[in-house]
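Here are my notes on this model, as numbered points. Please read them with the coordinates open.

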2 protein chains.
Amino acid sequence: MPLMRSWIESANAPETDFPLNNLPYGVFSVGDADLRCGVAIGNRIVDVTGLEEAGILRADPEADVLDAPFWNDFMELGPEAWASYRARLQALLGADVSEEIQDRLITYTLPQSRATLHLPFRVSEYTDFYASKNHATNVGTMFRGPENALPPNWLSIPIGYNGRASSVVVSGTPVRRPWGQLKGPNDALPRFAPCARFDLELEMGAVVGVPSEGPVTVAEADEMIFGYVLLNDWSARDIQAWEYQPLGPFQAKATATSISPWIVPRAALEPFRVATPERERPLLAYLTEPGPMLYDIALEVGLAPAGAAETVIARTNYREMYYSSAQQLAHHTTSGCPMRAGDLLGSGTISGPGRDSRGALLELSWGGKEPVTLDTGERRSFLEDGDTLTLRGAAFGDGYRVGFGACSGTVLPALADPYKRDGE
Amino acid sequence: MPLMRSWIESANAPETDFPLNNLPYGVFSVGDADLRCGVAIGNRIVDVTGLEEAGILRADPEADVLDAPFWNDFMELGPEAWASYRARLQALLGADVSEEIQDRLITYTLPQSRATLHLPFRVSEYTDFYASKNHATNVGTMFRGPENALPPNWLSIPIGYNGRASSVVVSGTPVRRPWGQLKGPNDALPRFAPCARFDLELEMGAVVGVPSEGPVTVAEADEMIFGYVLLNDWSARDIQAWEYQPLGPFQAKATATSISPWIVPRAALEPFRVATPERERPLLAYLTEPGPMLYDIALEVGLAPAGAAETVIARTNYREMYYSSAQQLAHHTTSGCPMRAGDLLGSGTISGPGRDSRGALLELSWGGKEPVTLDTGERRSFLEDGDTLTLRGAAFGDGYRVGFGACSGTVLPALADPYKRDGE
């Protein structure tokens, strides 16, 4: 598919994340004004709450759905409404619209540089998966040895666990280094201390838009997905190592999960579908895919120490996954688990086969044994206070890209004493 | 503390769960009418949404908080508002109120037998713990052998994992036997089939009423708890056995979690506080308790096969726990994990030391090897279709009891084909 041209010129530049082909959903504010729903185009934002109020573009003729300010009410209208709305918005922003309409619409746009971005949707619940075979093999080798690297169920189940929705934050939110129970392999007893092995996890997040009650097929699951975001599942490796047996990660994953501020519609990613890799063990019928369910999305991780330039520490691609989000969502419903609009599914850390394509410092530094050297000459086994992590991602079309915007966060130092209260 | 007498006579009977000392919070409807907030007293319900509308009893002079119909908005007013509201309601329902007031108030009550009960609060997120030493030892022995029964971290950490809030249902909701991936120890590959080892877990649930952002102490956590419910965490043991390594239970616990329909206020349980048992390993400072944080609540589980009488298969007490809900909540916040009004914390299965005091069939039947014999002569290793499970619990005062009402659910047969759609 070629670039779709817009009368907003910045949307036609090959380097923008937000051509007319994309039109991702976000929430913004200007100054102290109320939060509003917006759609990114080039270097501008369309105030679609304003378009709804003015009656110029309505998703639902009967009810306001963009006044929330969250996209959840819009999601609940379902895939036909999403498609219709997207088509009408693409028509209004297309290059061949009349100058009269352009003059009217431009007043409902603003430069992205003026806006503050917020969480684009209310996160109902958050589930994180473990679906890159390279990542699972690397981590399993470090935690359990090469013989037991891949758990026996891994090639049959898209392994997942429930995360903490209240800890999901939008890109730009600082992330404070957590305290937790730590116990070194040679310590007799644990101690309570700041995390010393704080890490990132490079992931994609799938946003569920259509609720379900009983089990759904992979094809149905794919139709339920509203769009995708970049996701950084901040992880405290030392807390996790001591807490995770037998019931899984808990506080190690509860400090924060950052997402990019724009939900890229599934429709915008359709030209970039690719198949999951060949199965090494046949999947049960309920997990088989009716078509390609992954996407060719190039991803990278940048790390910038406080006040210093950024080094790209990893480059990989979403197509490296063994399981797709649609397979994960289908598996998620097998027990009858109800899914809701606003559920967020983390893909799991995305690691490619190469050493520089690993999506976590745990793997990049091989558990801290082989620190990564930054362009500044500094070395990193895990994150230092003041480090800023930035994830970026884009699918590349013919002369354009469908991008996600940055997903970034800066590590703040741990509290000096988490139990000291004001006035003490 | 003695019985507080009410002019509603049924509240003064020693066998009622709902004396004036209790006044638990629920949500009810009559026929097709809208859902309303109610408070149980004896065999009646006080329509407190009606009292708010009429201006007779308001929790907040400025805003309606009982029109939701959920208790979350009330929770958000905080502990002082809870105490004030409870004191005023106890005064209105007390035996020495004038007949004129009684005549006015009685029109805002109805018999419980006329009402349908609903979830009393919007469950923000659901966390389940693993905090009975007897239960952990029993299950660990079965899953990992007696040498590895208690995980190394168990005496240091109140082990918890995130559950699925969307699957929480109110007592009386039928529970459908799930499908899932199953693999027997001698099978080469898993298959997709209905769960054959469907089980209950007898628990208490703590309802968080006060939100938090950073780490909180055990004393602060205790103040954040709004009240308690009975909780049955339905569990698919065969799904769990194959899926739970390395990241914990997922679909095995996502079918349903039933809770009793009335939130018993923490204030009503104050006279029944008891201490956790002596520590076998010293706790880290952040987990130490400033006072008794458990409650003396007698619990029992009844199992009734379809059309047959019930057998009580277990009797135990909430005081058997090694960790309290306040300790669990304090641990939950160590990483900076934000907590919200409406968060639900399952205590973990409550098992006493005796064979008949175990809170799950897995333990009662010792993994199916020693089936339980019911009064009907039938035997049970795990739940059969048509079985109705009922949890009951009460704290016993001087001539009265503070009870929770029943928490029940009936097992429906698995779907014949979960992927058959209407019209196929």
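**Notes on the model**

1. A:Asn232 counts as buried, at 0% relative accessibility. Here buried means under 20% relative accessible area, exposed means over 50%, and partly exposed lies in between (1.4 Å probe, protein chains only). A:Asn232 sits in strand S14 of chain A. Leaving aside neighbours within four places in sequence, A:Asn232 is in contact with A:Leu200, A:Glu201, A:Ala256, A:Thr257, A:Ser258, A:Leu389, A:Leu391 and A:Cys407. Contact means heavy atoms within 4.5 Å. Helices (H or I, at least four residues) and strands (E, at least two) are DSSP runs, numbered from the N terminus.

2. Ground rules. This is a predicted model: local features need pLDDT of at least 70, side-chain atom pairs count only at pLDDT 80 or more, and totals for chains, interfaces and linings use all residues. Residues are numbered from 1 along each chain as its sequence is written, chains are lettered from A and ligands numbered from 1 in the order in which they are written, and side-chain values use heavy atoms, with hydrogens and water left out.

3. Domains of chain A. The assignment gives domain 1 (9-118) and domain 2 (126-412). Such bounds come from an automatic or database domain assignment. The C-alpha centres of domain 1 and domain 2 of chain A lie 29 Å apart. In chain A, 25 residues of domain 1 are in contact with 27 residues of domain 2. The two domains of chain A bury about 2000 Å² between them, with 68% of it on carbon and sulfur atoms. Buried area is the accessible area (1.4 Å probe) that two parts lose on being put together, summed over both.

4. How many salt bridges cross the interface of domain 1 and domain 2 of chain A? The rule finds one. A salt bridge is a side-chain nitrogen of Lys or Arg within 4 Å of a carboxyl oxygen of Asp or Glu. The side chains of A:Asp17 and A:Arg401 meet in a salt bridge, at 2.9 Å from N to O. Five residue pairs are in polar contact between domain 1 and domain 2 of chain A, both residues at pLDDT 80 or more. A polar contact is a pair of N or O atoms within 3.5 Å; within protein, one must be able to donate a hydrogen and the other to accept it, and residues adjacent in sequence count only if both atoms are side-chain atoms.

5. The domain 1 face. On the side of domain 1 of chain A that touches domain 2, the elements giving two or more residues are S1 (25-29), S2 (36-41), H2 (72-75), H3 (79-93) and S5 (116-118). By class, that side of domain 1 of chain A has 14 nonpolar, seven polar and four charged residues. Ala, Val, Leu, Ile, Met, Phe, Trp, Tyr, Cys and Pro count as nonpolar, Asp, Glu, Lys and Arg as charged, and the others, Gly among them, as polar.

6. Helix H9 of chain A (residues 325-332). This helix is mostly covered, with eight of its eight residues buried. Among the buried residues of H9(A) are A:Gln327, A:Gln328, A:His331 and A:His332. The cover over H9(A) includes S6 (126-129), S13 (202-208), H6 (218-224) and S14 (225-233) of chain A.

7. Chain A against chain B. The contact takes 61 residues from chain A and 62 from chain B. The area buried between the two chains is about 5600 Å², of which carbon and sulfur atoms give 58%. In chain A, the most area is lost to chain B by A:Arg164, A:Leu247 and A:Phe250, together 15% of what that side buries.

8. Polar links between the chains. The rule finds six salt bridges across the interface of chain A and chain B. The side chains of A:Arg164 and B:Asp343 meet in a salt bridge, at 2.5 Å from N to O. There are 32 residue pairs in polar contact across the interface of chain A and chain B, both residues at pLDDT 80 or more. S6, S7, S10 (179-182), S11 (191-194), H7 (237-243) and H9 of chain A each supply at least two residues of the side that touches chain B. S7(A) gives the most to that side, with three residues.

9. Backbone checks. Most residues other than glycine have a negative phi, and most peptide bonds are trans. The peptide bond from A:Gln245 to A:Pro246 is cis, with omega near 5 degrees. A:Pro246 lies in the loop between H7 and S16 (257-259) of chain A. Phi of A:Trp366 is near 45 degrees, a positive value in a residue other than glycine. A:Trp366 is partly exposed, with a relative accessible area of 22%.
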